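Please examine the model below.

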Amino acid sequence: MKILVVCQYYYPENFQITPICEELASKGNEVTVLTGLPNYPIGIVPNEYKKGKRDEYINNVHVIRCYEVGRKSGIFYLALNYLSFYISASHHILKQNEKFDLVFIYQLSPILMGVPACKYAKKYKLPLFLYCCDLWPESIKMYIRNENNLIFRIFKHISKKVYSSCDEIAVQSYSFISYLSTIHQINEKNIIYLPAFADESYLQMNFESKNDIVDFVFLGNLGIAQNLIAVLESIKLIREKKGFKVHFVGDGTCLKEMKAYVKENNLEDIVEFYGRRPVEEMVKFYTLADVCIVSLKSDNKTGLTLPSKVQGYMAAGKPIIGMIDGDTKKVIKDSKCGICVPAGDIDGFSRAMVYLIDNKNILKELGTNARDYFKKNIERKCL
């Protein structure tokens, strides 16, 4: 088929849409991606993309980049980022001269990225497939809690229009199905469950840690939704405990606040930040990890999702400690790969950390359970 993919994010940004498109291309499909200028998560567009690289081929995928404002920091620039891609993509997509067989929306935040694709599919009467990785308008509740707010109501209207325009929707988490059905009246027959995958090459690697202490590692976005200040508050409660250290690998809007908290509470000896690191270095950090951390807020339905980092942790054979509700809690429980406390349970998380520090002998078994569950349920070839 000739497939038009619309997603605001693409390589060199680290999202699964890139390997999905490359896999589709390797199977003989002609794949064209309409995307933006890379700037996630640091919010700054690299110099080489500011004036160039707007039309290129990457591993047999045709990548067309639309203009967008870097997200920088703060709600104002985030809104500009969302709107600028929406306007630019709407302009570009209607100039497409190629004839496509299918339009595929890889829907992260914002839902606005789906609007140009919907218009294009409707204009040319093409089937429309959407992979829902973020729930809207639920995702903006971290900024707008009042559902009667005009902006919230506008995004709810846009969201329903996008989801209702699709012939089929795939969702990353089971909890998304009831939300789409209840909030947007989407027929559940048109929704399928398709969890995110992880690099199966991890299954063949030995990430056994050689340290005497227990190293807890968080990999990924350090944003508001991840509730990592709560993780730091848990660490503060046990800072006198010997035999552990916590590592944060990634970047995001909360990094500055997290560093300030660590400094103010004299946690520098047990908390270390590495910033955003290339994918090639993940082997080093998985080898460092005795236990991997996952955390999300629970103040809206987004907190019930299964973050894709969980699959990576499991493929690497790592125990998981979670401060999270919903699908992730169920996966950790079903796989018997670690400990999960409710979202925001600072005391419970600190107790769980102490338990794993004091019982280091069980970590290998928990890691084995994680990898076994991954092989049976979320290996890439299964999805």
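The following questions and answers treat a predicted model.

Q: Which residue in β4 is the bridge partner of E56?
A: Strand β3 is joined to β4 (residues 61–65) by four bridges, and the two run antiparallel. Within β4, the bridge partner of E56 is V63.

Q: Which strands stand at the edges of the open sheet of six strands?
A: This sheet has parallel pairing and the order β11-β10-β9-β12-β13-β14. Each edge strand has a single partner strand, so one side of each is left without a neighbour in the sheet. The edge strands are β11 (271–275) and β14 (338–341).

Q: How many residues of strand β12 are buried?
A: In a regular strand, side chains alternate between the two faces of the sheet. Both faces of β12 are covered, with V291, I293 and S295 buried on one side and C292 and V294 buried on the other. Of the five residues in β12 (residues 291–295), the number buried is five.

Q: Which residue in β13 stands opposite S295?
A: Strand β12 pairs in the parallel sense with β9 (residues 214–219) over two bridges, and in that pairing V217 has C292 as its bridge partner. Four bridges join β12 to β13 (residues 320–323), and these strands also run parallel. The residue of β13 opposite S295 is M323.

Q: Which residue in β14 is the bridge partner of G322?
A: Strands β13 and β14 pair in the parallel sense over four bridges. In β14, the bridge partner of G322 is C340.

Q: At what angle does helix α12 run to β13?
A: Helix α12 (residues 346–358) lies across β9, β10, β12, β13 and β14. The angle at which α12 runs to β13 is about 170 degrees.

Q: Is L80 buried or partly exposed?
A: L80 lies in helix α3 (residues 75–93). Together with I75, F76, Y77 and Y143, L80 forms a nonpolar patch on the surface, with about 480 Å² of accessible area together. The relative accessibility of L80 is 32%, a value that lies between the 20% and 50% cut-offs. L80 therefore counts as partly exposed.

Q: Is R65 buried or exposed?
A: The side chains of E56 and R65 meet in a salt bridge at 3.4 Å, N to O. E56 counts as buried at 17% relative accessibility. R65 has a relative accessibility of 1%, and the cut-off for burial is under 20%, so R65 counts as buried.

Q: Is K27 buried or exposed?
A: K27 and E23 meet through their side chains in a salt bridge of 3.6 Å, N to O. At 34% relative accessibility, E23 counts as partly exposed. K27 has a relative accessible area of 62%, over the 50% cut-off, and is therefore exposed.

Q: How many residues apart in sequence are the parts that the pair K241 and D358 ties together?
A: The side chains of K241 and D358 meet in a salt bridge at 2.6 Å, N to O. K241 lies in the loop between α7 and β10, whereas D358 lies in helix α12. K241 counts as partly exposed at 27% relative accessibility, and D358 counts as partly exposed at 48%. The pair ties together parts whose separation in sequence, in residues, is 117.

How values were computed:
Residues are numbered from 1 along each chain as its sequence is written. This is a predicted model: local features need pLDDT of at least 70, side-chain atom pairs count only at pLDDT 80 or more; totals for chains, interfaces and linings use all residues. Side-chain values use heavy atoms; hydrogens and water are left out. Two strands pair if DSSP finds at least two bridges between them. Buried means under 20% relative accessible area, exposed over 50%, partly exposed in between (1.4 Å probe, protein chains only). Contact means heavy atoms within 4.5 Å. Axes are lines fitted to C-alpha atoms, for helices over the stretch in contact, and angles run from 0 to 180 degrees between N-to-C directions. Patches are made of residues with over 30% relative accessible area and no salt bridge: like charges are joined within 9 Å, nonpolar side chains (Val, Leu, Ile, Met, Phe, Trp, Tyr) within 5 Å. Accessible areas come from the Shrake-Rupley method with a 1.4 Å probe; for residues, only the protein chains shown count as cover. A salt bridge is a side-chain nitrogen of Lys or Arg within 4 Å of a carboxyl oxygen of Asp or Glu.
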